Structures are given as structure tokens and as C-alpha cells.
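Take the fold apart step by step, beginning with the ligand site and moving on to the sheet.

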Amino acid sequence: MPDGTLPVLEVRDLKTVFQTRSGEVHAVNSVSFEVKPGELLGVVGESGSGKSVTMMSLIGLLPSPPADVKEGEVLLDGLDLLKTDINTLRDIRGGKIGFVFQDPMTSLNPVFSVGFQIMEPLRKHMNLSKPAARKRAVELLELVGIPDASRRLKDYPHQFSGGMRQRVMIAIALACDPKVLIADEPTTALDVTIQAQILELVKDLRQKLGMAIVWITHDLGVIAGIADRVMVMYGGQVVEQAPVKELFSNPQHPYTRALLETIPKVHGARAEKLNVIEGQPPILGAEPTACPFRDRCAFRFDRCEQENPSRRIVGKDHDAACFYDFATGGPLRA
Amino acid sequence: MFTFTIRRLILTVPTLLFISLVIFLIVKLSPSDPTGNLPLTIPSEVREQIREALGVNKPLLVQYLLWLKQFFWLEPLIYLENLTGWDLGTEGKVRLISYQTRSPVMDLIMQRMPQTLTVVGTAYLVGILIALPIGIISAYKQYSVFDQAGTFISMIGFSVPPFFSGVLVIVLFSVIIPSDSFFWLPSIYDTTHEVVDWESFKYQFRQMIMPVMVLALQITAQISRFTRASMLDNLNQDYVRTARAKGMSESVTVMKHVLRNSMIPVVTVIALGIPSIFGGAIITEQVFKVNGLGQLLIIAIQGGDVPTVQTLTFIFAILIVLFNLIADILYGLLDPRIRYD
Ligand SMILES: Nc1ncnc2c1ncn2[C@@H]1O[C@H](COP(=O)(O)OP(=O)(O)OP(=O)(O)O)[C@@H](O)[C@H]1O
Ligand SMILES: [Mg+2]
């Protein structure tokens with residue numbers, strides 16, 4: 001991938017806390033990452049690891065209260081999104097940053113035509129006239145592979161299948177030529193063949209349009225197929241980050257290793273018994289003072305109880321937040 | 001949509017015929033005597049003659065068919081004649097006559113319709129206009145002070161019946177407040193009052209305040225709760241997040257995306273409630289002496305005036321059937337997911 005180019009999106013030490021009736025939930029703890037133009041960053045991690053909350057925090061989409069984005073910087077081309085006024089932020093939402101959500105069945109407004117919903121951001125962010133917006137909407141629908149696009153503009157979401165609706169969502173997200181596309185589990189709700197089609201579409205679009213993509217998923221198979229770089233999240237933290245090949249061949253965090261082992265393999269006629277990671281993900285009532293993965297970790301030792309490991313370089317463009325050194329096969333010397 | 005409407009319209013015919021039969025029989029078979037309110041000095045043979053003349057002793061089927069003919073054929077013709085001035089040959093035909101007043105039932109209804117429409121209709125309109133913003137803001141600012149206050153007022157509106165709130169406002173505004181005060185309001189609705197100039201308009205306005213207030217409280221309570229619930233259902237939907245993620249402002253998100261969805265059930269409920277303008281205000285009309293349709297119905301029931309009771313009840317039934325149909329059609333028009341054809 002483009003080396004040496006400046007990142008379009010840079011996130012530094014992001015912290016998001018929910019104030020709930022039963023106390024605080026520290027959903028995102030000092031998350032840092034960056035994406036470069038044209039790069040596809042895969043984000044994996046089990047349910048509740050803070051993937052969605054991280055992405056929603058970036059552009060202020062979390063309802064506040066209860067959410068409070070406490071600290072950090074979100075730099076989009078040098079502009080700190082956490083400090084801009086709400087109007088600038090609204091111009092960026094749907095303009096420079098496009099969002100695609102998990103469930104295409106409910107993410108579109110059922111009472112407005114698909115054409116209207118695509119034209120809305122076009123008219124707002126690009127100040128297009130109605131005919132111009134319509135023309136662009138047709139182009140967008142063609143771009144995401146919806147046949148007979150100009151006729152389908154006036155159709156309503158319920159007249160589209162799930163896969164088609166997700167294509168419409170992608171068209172909306174791409175409407176204003178975003179610099180960053182954030183896709184939060186966009187294929188989880190779709191069946192496997194449709195999922196493959198959407199993945200092909202995104203690969204293709206990335207080539208054509210050259211924007212940066214952040215792709216959230218639980219599915220390591222998907223990551224292997226499309227990502228350039230992977231970020232693994234656990235307990236509201238980034239635990240490992242590496243180029244995709246490196247991550248699969250040389251994982252440096254026990255959680256990543258365990259995650260890779262959960263991928264079912266087929267030997268001969270019968271599949272092996274499925275591997276699972278024992279235990280439950282942590283509930284983050286306070287800022288973690290120890291490694292969040294320690295209770296489920298096979299490599300833990302005393303230091304893991306006393307300190308929360310920070311990310312350290314373990315290879316070229318590869319870091320992991322762990323005190324265990326897989327290179328030497330023993331605890332890292334302090 | 002068009003064929004659906006036609007199909008539904010045709011279906012209403014058997015429905016209405018069935019309802020008319022039920023109403024006719026129930027009213028007819030109830031133990032009530034049209035001569036019951038006449039002075040006791042009238043001998044029983046004369047009473048019998050009066051009953052005979054009223055047609056009470058004819059076979060039920062004959063009475064029913066006659067009533068149907070008068071209601072569905074003769075009365076519309078007469079109405080048309082009055083409207084256009086044509087002669088359709090209704091001269092001398094026996095109309096539906098009230099036992100009590102000996103004047104045609106339809107004329108009575110037409111006389112009383114305007115009072116009911118002005119008072120109850122205004123209340124309904126005022127109620128809706130107040131309820132919608134309250135419902136929307138309460139939902140958007142859920143659990144805020146505004147929402148709590150709205151909940152409290154709705155609770156009162158739901159639980160205090162108009163015969164209590166009506167008397168309460170009369171005591172407050174007509175009795176406790178001295179009659180030379182600006183805030184004094186007349187407790188009796190004067191239906192003979194005519195609006196000719198600014199002064200008489202002001203008086204009309206003043207005399208409408210209390211009945212409208214009492215009725216609107218109830219309507220506001222219902223519609224605002226319903227709007228709030230419907231808004232809340234929609235505010236948490238994924239498409240709202242999508243609208244925000246597209247960079248839409250809060251006003252576009254709430255007043256366009258959310259409201260458009262929330263209004264679907266609300267509009268239906270409003271349409272379904274319109275027949276209650278005619279029927280549901282019976283008590284309020286009594287309290288404020290508005291001589292509208294509700295009061296007419298009560299007097300007719302007390303006097304054993306079978307034709308009037310039958311006709312009024314049946315008109316209410318027609319309105320309910322009609323507005324059910326309208327609500328269905330509105331639902332189809334507002335919600336693209338519902339396609340009838
Ligand atoms: N509105 C909220 N109030 C309180 N806690 C919340 C709220 N939203 C999310 N959280 C908490 O934040 C944590 C992270 O949630 P998040 O939705 O980011 O997980 P995720 O990684 O996206 O999971 P999934 O894969 O299931 O989408 C969870 O523990 C969740 O309980
Ligand atoms: Mg999520």
C-alpha cells in the first residue's frame with residue numbers, strides 16, 4: 001500500500017465513556033489508529049469490544065447523554081473533529097466521511113423513495129440542483145450495480161432485497177465522494193453469496209475511487225480477503241495492529257492467536273471440533289489498570305495483573321499490547 | 001389503491017344494512033312508549049289511537065323497510081331538492097317524523113348540526129393542534145421537565161371526565177370570578193347568538209372557550225400521548241442514525257424523517273376519532289346547554305322518540321364506518337409499504 005503518504009484520518013487516544021444508571025461504562029480506552037488514502041483498514045474483535053462506539057465517536061453520532069467522548073483527537077486532513085462546531089461536523093458527516101451500517105433492512109427510511117434518500121446529502125453537501133442531484137443519483141446507483149437505475153429511483157426501500165438495500169446504503173455513503181468510508185459490519189446481516197458480491201463491489205469501488213476504508217467485521221475470512229491492514233480490538237482497546245499477511249502469519253497477541261484458532265478448519269471429510277475462547281469479555285466499569293485479556297489468557301503472569309500493557313512495536317508496521325514476547329517465548333523484560 | 005377503495009366502499013353496504021337492522025331492532029324492542037310523556041289525563045283509547053297513527057303497531061318488517069326507504073331514498077331526494085330547487089316529486093310523501101315534535105327528523109338534525117360542529121369541531125381541531133407539538137417535543141426531550149409536565153396534564157385529561165371538568169370550569173369562571181371581570185365566561189352556550197360584528201364575535205368566542213377547553217383537554221391528552229409514543233418508537237430506529245450520518249440537521253432528521261413515519265398511526269387515530277365529534281360530546285353539550293346533536297339524542301331517548309334515536313344512532317354508525325374507511329385509505333397513502341393492489 002502507499003507508503004509514506006500522510007494519513008487522511010488519524011485518531012489519537014480516543015476515550016469514550018457511557019454514564020449509565022448502573023455506573024460508568026468505559027467502552028473505548030485510548031484507541032489510536034490511522035488510515036491512509038486508498039487503504040483498507042480491517043477492524044476485528046468480538047461483540048462489545050468497542051468497534052462501533054469507536055467509529056461513532058469519531059463523528060459525534062453517539063447520543064449524549066449517555067455517551068461522553070472524553071479525550072483524544074480525531075484528525076481528518078489535519079482538522080480535529082472533536083473540537084469543530086456542529087455545523088462543520090455535519091458537513092463532514094455524509095460529505096467527507098461516509099457511513100454504512102450493519103442492518104440494511106432498517107437503515108433506510110421506509111417512507112421516502114430511494115432516490116430522495118440518495119439525493120438528500122447531494123443537495124446538502126454539494127449544493128446540487130434537483131435535476132443535477134437526480135443525474136448523480138442515477139450514476140451512483142449504476143456504480144453500485146443496481147440495474148435499471150433511473151427507473152428505480154422512485155422505488156421505496158421495501159421494494160429492494162437486503163443486498164440491494166445495502167448497495168443503496170453504499171451509494172448514499174459514496175454520494176459526495178468521501179475521503180473515508182466507514183463500514184460497520186456491512187455484510188453481517190446478509191447471506192454468504194450476497195456478502196461476497198458486496199465485498200467484490202467494495203474492492204472494485206476502492207480501486208475506482210481511491211478513498212480510505214475502515215471495515216468493521218467479526219469475520220476473519222472477510223478481513224483476509226479485502227484488508228490491507230488489520231486492527232484487533234479487545235475490551236475497548238487496540239491490542240494488535242499489523243499488515244494483513246503479517247497478522248495472519250505472525251500474530252503477536254494472545255487474543256489474536258486465539259481468534260485465529262477459532263477459524264474452523266476442515267480436515268478430510270469431517271470438520272474439527274470448533275475452537276472457542278473460554279471466558280467472557282470484561283465489563284469495563286472503570287479505566288482498566290491491568291490487561292483486560294488476562295483472565296482468558298494462557299500466557300499471563302504477574303505483571304499482567306499490575307499494569308495495562310501499552311502498544312509496543314513488534315515488527316515492521318506491527319504493534320501489539322502484550323507483556324509476553326512470542327519471539328523469545330517468555331515474558332518481556334521490563 | 002383505486003380498486004381497493006371501490007372494493008371497500010361496496011363492502012360497506014352490507015355492513016351498514018346489518019348495523020341498521022340491529023339498531024332498528026334494539027331501539028324498537030326496548031320497552032319504551034312514545035305516549036309515555038303525555039299528560040296522565042289522556043284516556044288509554046286515545047293513547048292507542050295515537051300509537052296507531054304513529055305506525056307503532058305495524059309489523060316490524062314493514063316498519064323497518066319503510067324506515068330504510070325514508071332514510072336512504074326519500075330524505076336524500078328532499079335534500080337534493082332543497083339544494084338545487086328541482087322538483088323530484090317528493091311532495092306529499094311521508095317523511096321520517098319525530099314522535100315528539102312531529103317535525104321531520106332530518107330537519108331536526110340539520111338544525112342542530114351547526115352547533116355541534118362549531119363547538120365540538122373546534123375543540124377537536126384545537127386539541128390536535130396543541131397535542132401534536134406537545135407529543136413531538138415530549139418524545140424528543142424524553143424525561144425532561146416538559147415531558148413530565150405533559151405526562152401529568154395528559155393523566156388529568158385521561159382521568160377527569162368532562163362532567164366533572166365542565167362543572168369545575170363553570171364554578172371557576174362563571175361563579176367565583178365576578179361577572180364584570182374580564183375573565184368571566186358565560187356558563188350557558190347561547191345558540192341563538194349570531195355573529196354580525198366584532199363585539200358579537202368576541203361574545204361568541206367567549207362562550208365557546210369553556211366547552212372547547214373541556215373537550216380539547218381530553219382530545220389533547222389522547223393524541224399527544226399517542227404522538228409521543230409513536231415518535232419514541234421511531235426516534236430509536238436505525239434510519240434516524242442514517243439521517244444523522246448523512247449530515248442532516250436535527251430539524252430535518254426529526255421533523256422530516258421521524259415525523260413522517262410517526263404520523264402514519266397518528267393520522268389514522270385522528271381520522272378514527274372524528275365520528276366522536278358527533279357522538280362523544282353528548283355530556284359536554286348537556287353541561288354547557290349546547291343544543292347540539294348530543295343533546296337531541298338525550299331528549300329523544302327520554303321521550304321514547306324512536307325514529308329520532310334510530311336515525312341519530314344510525315348516522316353515528318355510518319360516520320364510524322366511513323371514517324374507518326378513510327383511515328384505511330390514508331394509511332395506504334401515507335405508508336408506501338402498504339399496497340392494497
Ligand atoms: N448506549 C450505551 N449505553 C451504555 N453502554 C453502551 C452503549 N452503547 C454501547 N455500550 C457499551 O459499549 C461497549 C462497546 O459496544 P460496541 O457496540 O462498540 O461493540 P462492538 O464491538 O461494535 O460489538 P458488535 O460486534 O456486537 O457490534 C459495549 O460493552 C456496550 O455495552
Ligand atoms: Mg458494533
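Which residues surrounding ligand 1 are the closest? The shell has 14 residues, and the closest are Ala27(A), Ser47(A), Lys51(A), Ser52(A) and Val53(A); a residue counts as near if its C-beta atom, placed from the backbone, lies within 6 Å of the molecule. This is a predicted model, in which local features need pLDDT of at least 70, side-chain atom pairs count only at pLDDT 80 or more, and totals for chains, interfaces and linings use all residues. Residues are numbered from 1 along each chain as its sequence is written, while chains are lettered from A and ligands numbered from 1 in the order in which they are written.

Strands β1 (9–20) and β2 (23–35) and helix α1 (51–58) of chain A each supply at least two residues of this shell. Helices (H or I, at least four residues) and strands (E, at least two) are DSSP runs, numbered from the N terminus. The most comes from α1(A), with three residues.

Elsewhere in chain A, eight strands form an open sheet with mixed pairing, in the order β6-β7-β8-β3-β9-β10-β14-β13; two strands pair if DSSP finds at least two bridges between them. Its edge strands, β6 (97–100) and β13 (312–315) of chain A, each pair on one side only.

Within the sheet, β9 (residues 229–234) and β10 (residues 237–243) of chain A are antiparallel and share six bridges. Met231(A) has Gln241(A) in β10(A) as its bridge partner.
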